[in-house]
Amino acid sequence: MTSPVRLALLGCGTVGQEVVRLLHEQGADLAARIGAPLEIAGIAVRRIGRDRGELPVDPTLFTTDALSLIKRDDVDVVVEVVGGIEPARSWLVEALRAGKSVVTANKALLAEDGVALHEAAAEGGGDLYYEASVAGAIPLLRPLRESLHGDRINRVTGIVNGTTNFILSAMDATGAGFAEALEEATELGYAEADPTADVEGFDAAAKAAILASLAFHTRVGAADVHREGITEVTAADVASAQAMGCTIKLLCIAARGVDPAGRETVSVRVHPAMIPRSHPLASVGDAFNAVFVEADAAGELMFYGRGAGGAPTASAVLGDVVAVSRNRLAGVRAASESAYADLAVRPMGEALTRYHVSLDVADRPGVLAAVAGVFARHDVSIATVRQGSAGGAPGRDGDAELVIVTHVAPDAALAATVGELRGLDIVRSVTSVLRVEGGV
């Protein structure tokens, strides 16, 4: 065994505590895999006196001065599990420029300013690993970055937020509304006291940016991702999906495409969508994550597992710690950022998708023809139409429900179609609009 690899741990919350425990419990195995023992040089926290249970660590290792800890000459690897943009960005840039390797789970920072981190890593010559930033314990980013480097990835579709997946799965299973399912998720600890980042899609959008960057060798930031959350999904939407043999999931979708000028592009979006129950992602329930990758040579690949939680995330963190520690001992560094393709990010309006539209309309002759005419004017082809009672009395004074599923069209044309439908006198209301993915 050579000299220990010394770690600076930034943060000791749920994930940080699990990192400490796993380092203690698996220390001998980790040392054998690396060729050197791992030692904690210090742990930076906001409050030293906070109750952290019976952690197997020397209390004198705790400090509130993260920057001084990072700058210490005896620190080889910085592990960041604090989250947020600042001060994490300043800390990690400092560490990387100093030649230290960094392991982080900070998806928000990577999506916001991953370029600065990669540039600092190149300047200092250290490694930047972030497997834990997307999909928890699921080995996903390294396969995209390394195992599939010899292939061409065309599309990545994933469920990458456990909270929203639990909520939508509960709505599908019980018929509950969004508010009731969110309350259950909160009681079970799947949702934070403020669930905005999850239910409005911010968390998934950050992960989508990271996935797209790796899959398509293109710098994609959070601002490039079209984002919609699940707060507007209703029990009626779920029932309508069930009637079509579908379920609703919050999907992260990153796909290659070609713009009107014939240039290759990438589109990246996060939004709820109906998918057929035959789709591999449809059966992903509870708070699990799954990512479906489509590549030229490898074909269809599925990555599945627990996407959050202290222990699963710590597992991914330690996997990265082992990798960067072995690199340091060997005097090498991992492949740097691959952004050679530099594809243009296509606006959401040009993304090709399908819509499921539910309309409450006047029940009288000519309505269907008028509605169909709106779709035709926007060059949107209708795949199926289903008509039923909207609760009013039949006849001229009653209402009817029209459920229309389109063929594939540009999202801007679909949105413009819905906009015109809202202005028709014969349309009492547009009760639901959802995108449809897969072979429905």
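Analyst: Let us begin with burial: a residue is buried when its relative accessible area is under 20%, exposed when over 50%, and partly exposed in between, using a 1.4 Å probe and protein chains only. H217 is buried, with a relative accessible area of 8%. This is a predicted model, in which local features need pLDDT of at least 70 and side-chain atom pairs count only at pLDDT 80 or more, while totals for chains, interfaces and linings use all residues. Residues are numbered from 1 along each chain as its sequence is written, and side-chain values use heavy atoms, with hydrogens and water left out.

User: Which residue does UniProt mark as "active site"?

Analyst: UniProt positions follow the numbering used here, feature names are shortened, and annotations may be inferred rather than shown by experiment. The unreviewed UniProt entry places "active site" at K207. Helices (DSSP H or I, at least four residues) and strands (E, at least two) are runs numbered from the N terminus; K207 belongs to helix α10, residues 202–216. Because its relative accessibility is 6%, K207 counts as buried. Contact means heavy atoms within 4.5 Å; leaving aside residues up to four places away in sequence, K207 touches K107, S133, V134 and V160.

User: In what order do the six strands of the open sheet run?

Analyst: Strands of a sheet pair through backbone hydrogen bonds, either parallel or antiparallel. Here two strands pair if DSSP finds at least two bridges between them. The order is β3-β2-β1-β4-β5-β6, with parallel pairing. The edge strands, each pairing on one side only, are β3 (62–63) and β6 (128–129). Strand β1 (residues 5–10) is joined to β4 (residues 77–80) by four bridges, and L7 has V77 as its bridge partner in β4.

User: Which peptide bond is cis, and which residues other than glycine have a positive phi near 50 degrees?

Analyst: Most residues other than glycine have a negative phi, and most peptide bonds are trans. The bond from E86 to P87 is cis, with omega near 10 degrees; P87 sits in the loop between β4 and α4 (88–97). Phi is near 50 degrees in H217 and also in D342.

User: Where do H217 and D342 lie, and is D342 buried or exposed?

Analyst: H217 is in the loop between α10 and β8 (226–227). D342 is in the loop between α12 (310–330) and β13 (344–345), and its relative accessibility of 61% makes D342 exposed.
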